[in-house]
Amino acid sequence: MHKKAEPAAEGGAPAPADPHPLQGIARTLAAAGTVWIFLMMMMVVADVVGRNFLDRPITGVAEFAARSVASIVFLQLAAAICSGRMTRSDFLLRLIGARSLGALRVLEVGNALLGCLLFVALAFIAWPELSQAWSTNEFFGVQGVYTVPTWPFRALIVGGSLVAAGAYLLQIPSLWRHAGEFGDPHE
């Protein structure tokens, strides 16, 4: 959703570009993911220090970190979509947009629809695993030593996928209106 702010009439400040309807939610989820990264880094450092200098490693840090990576990614997906930072070839889009604004609009909207469908499919595929983890009270770790329920991690994948799908879907009107406007979305 790269676009420039519309110039204001009569020499005033530029009018703001269309805000994404999920921007607030996406930023909150991304902030939670960032805090999670910081806490996970602190746990890893504490584990390394405990393991190498005190001969007392922290049990379960490796397992928790491994499960956390996917959860953090899905927490931050919607923010990347809302701010237009998902990977794409702006070079190719600029060439197409210079020749045909209609073709560019179709590509932009098609990309958003495909992204939405892919994340809905991912949520649909991940739902049975979440349901099973919830109903069977599934844990990971070593029982009696270190256990963590798996359902919160699976729920973040399902929830993050649905929010990402919504972010793609809700940006379609803005993509249609602002096709061909490239640049820093924060200008």
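Which residue forms a salt bridge with D47? The partner is R51, with the closest N and O atoms 3.2 Å apart. What you're looking at is a predicted model, where local features need pLDDT of at least 70, side-chain atom pairs count only at pLDDT 80 or more, and totals for chains, interfaces and linings use all residues. Residues are numbered from 1 along each chain as its sequence is written, and side-chain values use heavy atoms, leaving out hydrogens and water.

**Salt bridges**
- A search of the whole structure turns up three salt bridges (a side-chain nitrogen of Lys or Arg within 4 Å of a carboxyl oxygen of Asp or Glu).
- D47 and R51 are four residues apart in helix α1, so about one helical turn separates them.

**How the helices pack**
- Helices here are DSSP runs (H or I, at least four residues), numbered from the N terminus.
- Helix α4 (residues 101-135) packs with helix α5 (residues 151-170) at an angle of about 160°, their axes 8 Å apart; axes are lines fitted to C-alpha atoms over the stretch in contact, and angles run from 0 to 180 degrees between N-to-C directions.
- That makes α4 and α5 roughly antiparallel to each other (angles over 145 degrees).
- The residues of this α4 contact with α5 split into 21 nonpolar, three polar and two charged; Ala, Val, Leu, Ile, Met, Phe, Trp, Tyr, Cys and Pro count as nonpolar, Asp, Glu, Lys and Arg as charged, and the others, Gly among them, as polar.
- Helix α2 (residues 61-82) and α5 have axes that come within 8 Å and cross at roughly 15°, and are therefore roughly parallel (under 35 degrees).

Conventions. Helices (H or I, at least four residues) and strands (E, at least two) are DSSP runs, numbered from the N terminus. Angles under 35 degrees count as roughly parallel, over 145 as roughly antiparallel, 65 to 115 as roughly perpendicular and the rest as oblique.
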